[in-house]
Amino acid sequence: MVYLEPPPQLLQLLHESLPSSNPTSDDESAEILAYVATLASSIEGFEKKDWMELEPYLSTLPTFNGGSDECTAVIETFLSKYQAVSDNHDESSDEEDAFGGEQITDIRFSLAYGGKILLHQTKLRLRRGHVYALVGQNGVGKTTLMNAINNGKLEGWPENLQTEYVDSGSNVDPVHEAKNVFHHLMNDTGRSEQDCRSILEELKFTEVMMKGTIGELSGGWQMKLRLAKAVLINADILLLDEPTNHLDSKTVKWLEDYLMSLKETTVLIVSHDTQFLENVCSDGEYHTQLDNCIDIQLHLDMSNQQCIIFFIMLLVIHYEKRAQWGPHRKLVHYSGKMSSFVKKQPQAKHYFELATTDLKFVFPEPGRLEGIRTSTQRLMEMEGVNYRYPGNDKDTLTGIDLKMTLSSRVVLIGANGAGTHGDTQPSNPNDSRFFIHHNLRIAYVSQHAFYHVEQHIEDSPVSYIQWRFKEGFDKEKIESEAYRITPEEQQAIDDYNLEGIWSRRLRGGILEYEIKKKNVREKDNIYVSKDELLSMGFKHLLRQTDEKIASKEAGLDLRPVTTTEIQKHLDDFGLAQEFGTYGKIRGLSGGQKVKLVLAAAMWNCPHLLVLDEPTNYLDREALGALSSALNEWGGAVLMISHNKEFYSSVCTEEWLCADGKVTVVGDSSEREMKAVAKKKTFEKEKAADEILDAKGGNTNSNGDKYKDATTNFWGQTVSKKEVRQFDKAKKKGDIALMRKILQIPAGKVMPGHEDLGDGSAK
C-alpha cells in the first residue's frame, strides 16, 4: 500500500519515462515510484547531477535489470519531460510578448524565508517600461521577493540593473527618523538642492517640514518623501511596496499620473488597493481597444518625421499553487488590468469585492457600561474644543462639537496634515468641555501598526499577548507615554505621602477615589474627588487606575493567559497556530502583524475601537473579513482612512476635517444593544493528569491547583527544561522550587500564580 502522496503530474511523468517493458503495477514498485517522485519534487533546478541522486532509489525497482545505464536514461528522460512541462506552466499564454519592449530580465529561481520555501523554481521575466502588479495573499512572500530583487539576491539577477525600493514604512528605524528631511533627500539621491526642493514643493512640503526630522512627519508625509526620493533617482526598476499607504486622494492621483508618464522605467507594485492598480492601467477611450495597455503616448520626432508609439502595459504576476507543482507556489504572468485578471481567475474576485471572502474575523462583544442602557446614549462628547500641532502657535482645528455612542460608525476624513491623526493636542482645555465614560474601554490600532510589536520581534505572538496582559490589564498601554507617570508627578505623589489608589466609586454624580496613604491604617483611608486629584497633578496615575478598573470589569483578572486560550483568540483573527504559537513575530508578513495587533487590541473586549488607516498591509480577503466583523460587532468604531471602498462598507457617519473645521455628514442609527452584563467566567483548561484521569489513566492527579509555567515573574518565556522542572515540582507540591523556577522575588506575589504565595510560608 502506498502512503506517500507525490505531485500527480511528477508521478505521471516518471511512469511515462520508464521503458514499456518495465511493469509497475505491483505494490512494491508503486511505493518506490511514489517515493522517487516525492524526492524529485524537492529538487531545486534542473542540474543533471542533482537529479542523478534519484538513481539509488529508482534502481531498486524489482524488474530493473538493465543496470545503471538504463536507470540513468530513465532519469534523463524524466528530467527532460519535467523541464518541458515547467516551462509551459510557469507563465500564462497571453503574456506581453506581442507588445514588445526590451527584455531586461528572464530568470528562474527559488526563494525562501527562514526555513519556509516561498517560491520553487519559478520564472520571472520583466520588460522595460512595463508596470507589473505583484498579487497574492498575506504571507506568501511578496515583500520578501521585493527585498531580494532590491538587494540582487535572486539567482541569475542582472548586475547592471539599478533598482529603487519604496518600502511600506513598516520598519521603524530611530536612526533614520532622526535625519533631516532635506539633507537626507540630497544625500541619498545625489541631486541638486534645486531638484530636491522642486519635488518636495510639488508634493506640498512646507519649509518647516523640510527643515525638520523624518520622525516628525506623519505616515503620509514619510511615504511622500520616499516617493520623492524614487522620482529623483530614476532607476531601471522601481519597486513600490504598498505605495498608497497613508496617502490622501490627491497624492494618490499624483502617483498614478507619475507612473503613467514613465517610458523607460519598469515598475513592480505590491498593493492591496485594487482601485489604484486598476487606475494605473486605465486610459479612457483606448483601453476598450487595447485592454492590456495602461496608456498609449504618441511622440513626434521632428528630425525624421517618425511617429513613435510607447505602450505602457500592466501585467499581473500572481502567486499560484497548482496540484502539478506539488506543495510550493510559482509566479504566473497575466496580461491586462486587474479586472481582466479576475475574469481569467474567478476565484480571485475578492480583489474587487470585500464581501466575497471565506475568511472570517470574530470580535468579542463589549461588556456592560454602567448607566448605558441603549446603543444611542453618549460614551464620549466634546464641545468647543480647539486642536493644534505641538510647537505651533496657531490652531489646526477650532470649535469642535462631537459625540459618540455604541452605535457610532464614524470615519474621520482629511488631507495629510489636516489634523486627523493623534499628533494634535487640545489647546483650550479650560474653555471647552470633555466627557468620557469612566469605565469606557478603548482599543487603538496605530497607522504605524508595527510599533506595537517592534520590541517583541523575537517572541511568538502568543508570548507577546501573554506579556501584555498577564497582570490583568494592558501593560503596553500603561507603559505608553499617555499613561506613564512623569518625574514631576511622581514627586507630587511622594510629597502627598500616597501609597496607592485602592478603589473608586460614583457618588452623587461625582467620581471619588479611595486613597491609601503610607503609614496610615486601611480603615482610615479617605475618598477624594477626581477633580481634586487632578488639581494635585495626578493625571497619569488616575488614567492608570481607570484603565485597571475597566480591565477588571472586562474580566481580564480572571481570563487565563495560557497558550491555548490565546491561540483560540488568534484563530478568531485569522492567525493560525503555525504563526501564532510556533512562529516568531519577526517572520510574520505585514498583514499577519496587523492581524496580531488587532487581536491584541480586542483582548480586553473594548467598547470603542479606533483604527488609524486600517487598510494598510491587509489583503483584500482580510479587509472583507474586517468589514464584516465590524458590522456585526456591538461596539463603536472610529477610523481614519483614505480608502473609500472600505470605510463606506462600515461607516454611516463622516467627520470631514477641512479649513480648520470638522463637519459631520450622515448619522449613526440605533443598533442592537450588545454591551450587556455577562458572567465573567472562562473555561478552565484541563491539566495533563486530568486528561489522563478522564481516559482511565493516572488516578493520583492533584487536579489543577497550580497554573502551568509559561512566563516567569519578569515576563520572559520559560524554557522547555524549566517547564519540565516546574511540572515535576507542581506534582510534588514543592512551592519553593516553583517560585525559584519562576524567579519570583521574596515577599512578592506573581499575578496569575497567587497560589504560590509570597514565599513567607514555611
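Strands here are DSSP runs of at least two residues and helices are runs of at least four, both numbered from the N terminus. The views below are taken from a predicted model.

**View 1. Thr-105 in strand E1.** Thr-105 lies in strand E1, which covers residues 103-113. Its relative accessible area is 3%, so Thr-105 counts as buried, the cut-off for buried being under 20%. Leaving aside residues up to four places away in sequence, Thr-105 touches Leu-124, Arg-125, Leu-126, Trp-157 and Pro-158. For context, 50% of the 762 residues of the chain count as buried, and the chain has 27 helices and 22 strands. Of the contacts in the chain between residues at least 6 apart in sequence, 67% join residues at least 24 apart.

**View 2. Salt bridge between Asp-167 and Arg-226.** The side chains of Asp-167 and Arg-226 form a salt bridge with an N to O distance of 3.6 Å. This pair links distant parts of the chain, the two residues being 59 residues apart. Asp-167 sits in the loop between strand E4 (163-166) and helix H7 (174-177), while Arg-226 belongs to helix H11 (residues 219-233). Asp-167 is partly exposed because its relative accessibility is 27%. Arg-226, at 17% relative accessibility, counts as buried.

**View 3. Salt bridge between Arg-191 and Asp-195.** The N to O distance in the salt bridge joining the side chains of Arg-191 and Asp-195 is 3.3 Å. Arg-191 has a relative accessibility of 32% and therefore counts as partly exposed. Asp-195 is also partly exposed, at 29%.

**View 4. Salt bridge between Glu-512 and Arg-505.** Glu-512 and Arg-505 form a salt bridge in which the closest N and O atoms are 2.9 Å apart. Glu-512 is buried, with 16% relative accessibility. Arg-505 is partly exposed, its relative accessible area being 29%.

**View 5. A network of salt bridges.** Salt bridges link Arg-378, Glu-381, Glu-383 and Arg-433 in a network. A search of the whole structure finds 25 salt bridges.

**View 6. Packing of helix H15 against helix H22.** Helix H15 (residues 461-469) packs on helix H22 (residues 590-601) with the axes 11 Å apart and at an angle of about 30 degrees. H15 is therefore roughly parallel to H22, since angles under 35 degrees count as roughly parallel. The crossing of H15 and H22 is right-handed. H15 contributes Pro-461, Tyr-464, Ile-465, Arg-468 and Phe-469 to the contact, and H22 contributes Leu-596, Ala-600 and Ala-601. Seven of the residues in this contact of H15 with H22 are nonpolar and one is charged, with no polar residue.

**View 7. Crossing of helix H15 and helix H20.** The axes of H15 and helix H20 (residues 563-571) come within 10 Å and cross at roughly 110 degrees. This makes H15 roughly perpendicular to H20, because angles of 65 to 115 degrees are counted that way. On the H15 side the contact involves Pro-461, Val-462, Ile-465 and Gln-466, which meet Thr-563, Ile-566, Gln-567 and Leu-570 of H20. The contact of H15 with H20 comprises five nonpolar and three polar residues and no charged ones. Pro-461 and Ile-465 are among the H15 residues listed both for this contact and for the contact with H22.

Note on methods:
Residues are numbered from 1 along each chain as its sequence is written. This is a predicted model: local features need pLDDT of at least 70, side-chain atom pairs count only at pLDDT 80 or more; totals for chains, interfaces and linings use all residues. Side-chain values use heavy atoms; hydrogens and water are left out. A salt bridge is a side-chain nitrogen of Lys or Arg within 4 Å of a carboxyl oxygen of Asp or Glu. Buried means under 20% relative accessible area, exposed over 50%, partly exposed in between (1.4 Å probe, protein chains only). Axes are lines fitted to C-alpha atoms, for helices over the stretch in contact, and angles run from 0 to 180 degrees between N-to-C directions. Angles under 35 degrees count as roughly parallel, over 145 as roughly antiparallel, 65 to 115 as roughly perpendicular and the rest as oblique. A crossing is left-handed if the near helix is turned anticlockwise from the far one by less than a right angle, and right-handed if clockwise. Contact means heavy atoms within 4.5 Å. Ala, Val, Leu, Ile, Met, Phe, Trp, Tyr, Cys and Pro count as nonpolar, Asp, Glu, Lys and Arg as charged, and the others, Gly among them, as polar.
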